[in-house]
Amino acid sequence: MAKYLVVAIAETWDPNAYTIVAYDFEQCRNLHIPSDKLVDNKTNEIYWDLFGITHCSIRPWRYNMQVPATPPKFDKHWTSKDVEMLFRTKHIPYKVFYERKYSWGFIKLSSIKNIEIQNENKKVKSYITLSENGRDWRVLVKDFRWLHYWSSIRDEDRPEKLRYWIRYLNDKTKQFYATTCWHTFDSGQKYAWINGVHCFTS
């Protein structure tokens, strides 16, 4: 069975499901795997966890996604240092990812200009505006942890929290990376978004 490192857990249209973003060591690429559970509710056995290694076989599904062909078996967690090294060695400029329409990418968040939080259909929606080489990019964020955090913040408290997080994400003593992807819808339309946002202290 192949070995995968979970580099992000993203939301889906279904509030009870996730998209697991897993780095495939053999193919040197990110896979997008739908899952309705991260842990077995009866045995507490872990299937997928952020920065964890899981072994399974996969097969193509629809769009640019894959599904497990064998039950996922969790192995161990990677250290933050090891994960940061992967992001550091594999990241590319967002401009390159976007204009060449790579199916996935690791990018470095060097400058964040704005964070938007919106209420939509009883859910929270978020955009980050990142700045790179004099150009701004407004990108949808589907990181499950990020959206869960903002859904717990009352509307009246959001302005203060937004100011805090903009300062935090621009703290030069830390390293910020993101996982990105292009998703193709049934209509054939493609849309780019961020699956996960990660902070590593220097």
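This is a predicted model: local features need pLDDT of at least 70, side-chain atom pairs count only at pLDDT 80 or more; totals for chains, interfaces and linings use all residues.
A pocket here is an open set of points on a 1 Å grid over the protein atoms alone, where a 1.4 Å probe fits, with protein on both sides within 12 Å along at least five of seven lines.

I looked up the lining next (residues with an atom within 4 Å of a point). It has 34 residues, and E11, T12, W13, K142 and W193 lie nearest the centre of the pocket. Strands (DSSP E runs of at least two residues) supply part of the lining: β10 (123-132) is one of those giving at least two residues, and its four are the largest share. By class I got 16 nonpolar, ten polar and eight charged residues.

**Cysteines.** C199, at 32%, is partly exposed, a label for values between 20% and 50%.

**Helices.** I then checked α3 (144-151) against α4 (158-169): the angle is about 150° and the axes are 12 Å apart. Axes are lines fitted to C-alpha atoms over the stretch in contact, and angles run from 0 to 180 degrees between N-to-C directions.

**Ground rules.** Residues are numbered from 1 along each chain. Local features need pLDDT of at least 70 and side-chain atom pairs 80 or more, totals for chains, interfaces and linings use all residues, and side-chain values use heavy atoms, without hydrogens and water.

Notes. Buried means under 20% relative accessible area, exposed over 50%, partly exposed in between (1.4 Å probe, protein chains only). Ala, Val, Leu, Ile, Met, Phe, Trp, Tyr, Cys and Pro count as nonpolar, Asp, Glu, Lys and Arg as charged, and the others, Gly among them, as polar.
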